[in-house]
Amino acid sequence: MTAGAESAPLLAALERLGAQVTDLRVPFDLADAEAARRLRQEIADQLDDYMLPRLRRLDAPVLAVVVGPTGAGKSTLVNSLVGARVSAAGVLRPTTRSAVLAHHPADAAWFDERRVLPGLERSSESSSDPASLQLVRSARIPAGLALLDAPDIDSVVSANRELATQLLAAADMWIFVTTAARYADAVPWDFLRAAVTRGTAVAVVLDRVPEGATDEVRADLATMLTEQGLGGAPLFVVPETTPHDGMLPREVIEPLRGWLHGLATDATVRANVVRHTLAGAIRSLGGRVFRLAASADAQADAVARLRREVDDAYDDALIRVDAASGDGSLLRGEVLARWQEFVGTGELMRALESKVGRVRDRVTSALRGRPQPGTELAEALETGVEALVRAAADEAADQAGSAWRDDPAGETLLGGDDLRHGSPELAEATARAVREWQGYVLELVREQGQGKRATARYLAFGVNGLGLMAMIVVFAHTGGLVAGELAVAGGASALSQKILEAVLGDQAVRDLAATARADLHRRVGLLLEGERSRFTERLDAVAVDENAGTALRAAVQDIEDAR
Amino acid sequence: MSRLLRGRHRRADLPSMLIALDETLAAADGRIDPEVAGRAEAVAARAGERLRLSGEHTVVALAGATGSGKSSLFNALSGADISPVGVRRPTTSRAQACVWGVEGAAPLVEWLGVPRRQTAWQHSDLDLAQQGDLEGLVLLDLPDHDSTATEHRLEVDRLVDLVDLLVWVVDPQKYADAALHERYLRKLAGHDAVTLLVLNQTDTLNPFAAAVCAEDLRRLIDEDGLSRAKLMTTSARTGAGVDALRVALADAVRRRRARNDRLVADVEAVADELSAQVAEATPAGIGGPERTQLVQALAGSAGVPVIGEAVEKSWQLRSAGVLGWPPTRWLRKLRPDPLRRLRLGAGERREVRAMVRSSVPEPTPVQRAQVETAVRGVVDAAGMGLPPRWQEAVRRAADQRAKDLRDELDVTVIRTDLGVDRTPMWWRLTGVVQWLLVAAALLGAGWLGLLAFGSYLRLPEPKTPDWHGFSVPTLLFLGGVLLGLLIASVGRLLARRGARRRRRHAEARLRRGIEEVADRLVIGPVEAELARHETARTALDRARAG
C-alpha cells in the first residue's frame, strides 16, 4: 500500500499547497490576522505531520493520539495499556509536558525516521521539552498501531495546548479521554467539534467515574456526543479506582484494549480508519484554505489601501505646489516687494549703464550693510518655493500618516513611529533643490544667449539679471493677482518678458520658460518622492504577494481535481 | 510595586478616590481609549451603587469550575441542602444566595440580581448559637464558568464584578485550567485582600499529594499576581477545612472591610490602567519661538507688510497735500491713496468700516503655507510627550477655529486704528504759512505789476518802501515763492520720516491685534486643552493615592 500512481498528482498538489501556505505572509494586525497566522501554522503542520507522510505510505501503522483535559488520566491510561510507566502520572497539573509515542518493536522503522512529526526531536527518555518526542517500544502494543500520549488541551501552560493541537492534527485517530467531573467542559468540546468537521475517527473514554454514577453520567455524555454528531463513536467507561503502581487494574481497561487490538490486527478495518481520516482531513482542508485565502486577500487589500492613501496625499501635494507656483501668486508679497526693490532702486536700469553701475552697487551695498536687491529677490523666490513645498509635504505626511494610524494595517507598519510630519531633512533638501534649479535656469539663459554673447543688451543685463527675469516669467503665468498688485506684478513679468525677448528672441523665451517650469516640477516631484518613500519603503519591505489568495484557491482546486 | 507599598496598612479614602476618578473621566472625556474609559465608568458607577447599599452585609461568592464542589461547600456552610448537588455536569445553572441577618439585605440581593426564590434567608433568631457568627453574610453559589453552557459563564462574569469577596473553589483535577487563571485570576491581580482560594476535594488525594498540589496551586496564584491572596484546603465531603473556611468568612463579615477593599482594588486597577492614558507631566505650554512664528505668519497672511507700505505712501501723499507748495498741490490728486484702495483710508469712520470687508489681498499660497506650518509648530510643541489621543485633541483644539482666522484677522485689520486719521497741528500751521506765503508772493507780484504798469504809463514812480535796500514788493514776491518751495521740500523730508514712523506704529498696532487673534483662536484653545490634561492628571493622581 505505498503511494500508488493514482495518488501521485494529489501528493504533488498537496506539496505545492504546503509550500504556498508556508510562504504566505501575514504581516498586518488586521482583525483576522491572529487567526490567519494560527491557521497557516495549523495547515502547514497538518500537511507536514500527517497528510503528506500518510499519503506517501498508506500502510504505515495507525497513529492513535490520547487526548483530553488536564487531570483526566491520559498518562495513567497509556501506562496501563503499555503495561509500563512510560509516561509520568501525578497530581501536579499539567503532568505531561512532552509527547510520548508507544509502538510495537516491529514498527520502529516507521517512527525512528522523521516520517511523521518531523518537527519533533526523537529521544528515548522522558523530558519536559515540548519539542521532543519520547519513543517507547513495547510488545504489548499491537503491531500496526501506535499510541501517542499528548499533553493537555486546557491548562495554563500554553505550550501544552499548542503541542496537543499539533499532535491532534497528525493523528489517524483520537482516543478522547475525559472524566465524570469534566465531561461538560467547554474547551474539550471545541476540540471534539473540530474532529467532527475534519472527519477524524474518535473513540471516547470516560475516566474516573465515581461509583454509582456510571449510568447517569454515561447516558448524559452519550446524549451530548449524539448532539454533536459523534453518536457513532465507541464509548468506554473507566470507573474511579486507586491506581496500583501507576496502573489501572487490567479488567478495567480490557474493553478498550480489546477494541484497539481488533483494530490493529484487521488490515481492512485499519485501512478504512486511515482512509476515512485522511479523506476527511483533505476535505476539511478546502474550507480552511479558503478562509486563509480570504485573510491573504485582506492583507493584499490593506497594502493597496495604504498605498492609495499615500499616493493620493502626495499626488495632491504635487498638484498643490504646481498650482501655487504656476498661477503667479508666488510673485506677490515678499517676492513682489523684492522685485520692486530690484527695479525701484534702479539696479535693473543701472545695470544698463555699464560695469560702473555694478561696482557702485557693490560699494553701496557694502556701505549699507545689506545685500544687493537682486540677491534678495533670488532669496525671496527661494523662501517662497520652500514654504510651499514644506507645507505641502507636511500636509501630505499628515494626511497619509493619520490615515495609516487609523488603519490597523498602517499601525503595524508605523510601529511606534509618527510620520505625520515632513522629514527633518526636507527644509534643507528643498532649499538645495531650489538653489540648484536657479543655477539650472542661469545655465539655460547662458546657453540660450550663446550666440548673443556679444550683443550689448546681453552684456548689459548679465546672466544673473536675465536669469532672475526668466524665473519671474516662469512663476508669472496668469491670474491670482488682485487690483493694485496686478499692475505691478503683471508689469514685473511683462517687463521681464519684454527684456528677455529682446535679448534672446521670443521663441527662445517661451522654450526657456517651459523648460525651466518642467525642471522645477521635476525637482519638486523628486523632493516629494523622497518624502513619499518614507511610507512606500515600509510597504515594500513587507512584500505581501497580492495574488497569494488567488493562488491558494487555485491550489485547492488542483487538490479537488486530483482527488 | 507601587501597589505593594500602599493601601494595606491604612484605610484608603474610597469616596474621595471615586470623586477624583469621576473628575479624571470628565476631564479626559474623548481623549482616552474608549474601552478603558468604559471600564472606568462602569467601576465608578458600580462603586457608587454598592456604597449606597448595606454596608452591614458582606457579599461572598463561591466561584469555580464545574464539578469543583461549590454547591457542596455552600450547603456545608449554610447547614442546609439549599443548592442541588449532583454528578451530572454542569449542576448549578442559576446563582443561589443565602443571607444571614435579614435587616437591610433585600435591596442588596435585588441589586445582585438573584431572584427571591433562589434566596434562602437565615433569620438570626432561629439558631443564634450556631449561625450568629455569620450575621451579615450574603453567600452566593455561582454557576460554573467553564462548561459548554455559555449562559453560565455570562452570569459568573456579571456577579464576579459585583461581589465583595470572591472565594474560588478549585479541585485537584482542574486547578491549573487556563479557563480559571487566564480568564479570571489574572484579571483580578491586585485584589489579593478580597480573593480567597479553596482547594476542595482533598479527600481524593493522600495528605502528601494534597500538600504538593496546594503548593503548586500557590505557585500559579503567585504568577497570576495574587501573591497575598489566602489559600485554604477543604473537603466538602469529609468536612475537613470547612470550619476554617467558615471562620475566615466570619472574620471578614465581622470586620466589614471587604466591601471597601474590593471597591478600592477595583478603583486602583482602573486608575492604573488610566495612568497609561495620560502623560506623566503636562507639557509646559507653547514656547516663545512657536508663538512668534505663528504671529509672524499670521501678520504676513493678514497683509501687514502691504498695509504698512500703504500707510507710509498714504501719509506721504497726504502730507504733500497739506505741506506742498499750493500751486503744485493739484498734482498729487492724480495719484490715488493706496490706503483707500485697501478700503482702510483715513477719514472713513471705523464703525462704518467694521461692516464691510477690507480689500487687503487674499493671502498667497505661500502665506497660507506659512500659517499652516506655524500652527503645526504650535501643536507639536504643545503636544510634545502627550499620548496620541491627547495630541489629537490638541490638534483639534488648534484646528477648530483656524477656519475663522481669515475673517478674524480681517476684522482686526479693519478695527485697528492705523493712526492716519489725525492731521498733525504743525501740518495745519505750515499749511496756513504756505498760503500766507502764496498771498505774500501774489501781493508782491501785484505790487510789482502795478509799478510796472505805472512806469509803462510814465507816471511818476510812487515811493516804494524798501528794506535794507531791497524793494519790499520784490522781497514779498521772491521771498514768498522761494520760502514756499523751501518749506515744501523741508516738509516733504519731515513727512517722509513721519511716514516711516506712522508705518512702524501702524504695524505694531496691527501686530498687537493679531497677537490677540492668535491667542484667542489658536493658542488659547490649545492651552485650554493642556489645562484639561493637567486636571485629568492631577485628579488621577489623587484617585491613585486614595
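Two packed helices are described by the angle between their axes and the distance between the axes. Here, axes are lines fitted to C-alpha atoms, and angles run from 0 to 180 degrees between N-to-C directions. The model shown in these views is predicted.

**View 1. Helices α2(B) and α3(B) pack against each other.** Let's begin in chain B, where helix α2 (residues 14-27) and helix α3 (residues 34-52) meet at an angle of about 150°. Their axes lie 10 Å apart, and α2(B) passes α3(B) in a left-handed crossing. On the α2(B) side, look for Leu18(B), Leu21(B), Asp22(B) and Leu25(B). On the α3(B) side, the contact is made by Ala37(B), Ala40(B), Glu41(B), Ala44(B), Ala47(B) and Gly48(B). Sorted by class, the contact has seven nonpolar, one polar and two charged residues. As you trace each list, keep in mind that an α-helix has 3.6 residues a turn, so residues three or four places apart point the same way.

**View 2. Strand β2(A) is buried on both faces.** All five of the five residues of strand β2 (residues 99-103) of chain A are buried, so this strand is largely enclosed by the rest of the structure. One side carries Ala99(A), Leu101(A) and His103(A), and the other carries Val100(A) and Ala102(A).

**View 3. Strand β2(A) has two pairing partners, β4(A) and β5(A).** With strand β4 (residues 132-137) of chain A, β2(A) pairs in the parallel sense over five bridges. With strand β5 (residues 145-149) of chain A, β2(A) pairs in the antiparallel sense over four bridges.

**View 4. Leu148(A) sits in the largest nonpolar core.** This core has 174 residues, and those touching the most other members are Val65(A), Leu148(A) and Leu140(B). Leaving aside residues up to four places away in sequence, Leu148(A) touches Leu63(A), Ala64(A), Val65(A), Val66(A), Ala99(A), Leu101(A), Leu167(A) and Ala171(A). A second, separate core has 61 residues, including Ala302(A), Val310(A), Ala433(A) and Val473(A).

**View 5. Helix α3(A) is buried along its residues.** Every one of the nine residues of helix α3 (residues 74-82) of chain A is buried, so the helix is largely enclosed by the rest of the structure. Among them are Lys74(A), Ser75(A), Thr76(A) and Asn79(A), together with Leu77(A) and Val78(A).

Key
Residues are numbered from 1 along each chain as its sequence is written. Chains are lettered from A and ligands numbered from 1 in the order in which they are written. This is a predicted model: local features need pLDDT of at least 70, side-chain atom pairs count only at pLDDT 80 or more; totals for chains, interfaces and linings use all residues. A nonpolar core is a set of buried Ala, Val, Leu, Ile, Met, Phe, Trp, Tyr and Cys residues joined through C-beta atoms within 7 Å. A residue is buried if 20 or more other C-beta atoms lie within 10 Å of its own, exposed if 12 or fewer, and partly exposed in between; C-beta atoms are placed from the backbone. Two residues are in contact if their C-beta atoms, placed from the backbone, lie within 7 Å. Two strands pair if DSSP finds at least two bridges between them. A crossing is left-handed if the near helix is turned anticlockwise from the far one by less than a right angle, and right-handed if clockwise. Ala, Val, Leu, Ile, Met, Phe, Trp, Tyr, Cys and Pro count as nonpolar, Asp, Glu, Lys and Arg as charged, and the others, Gly among them, as polar.
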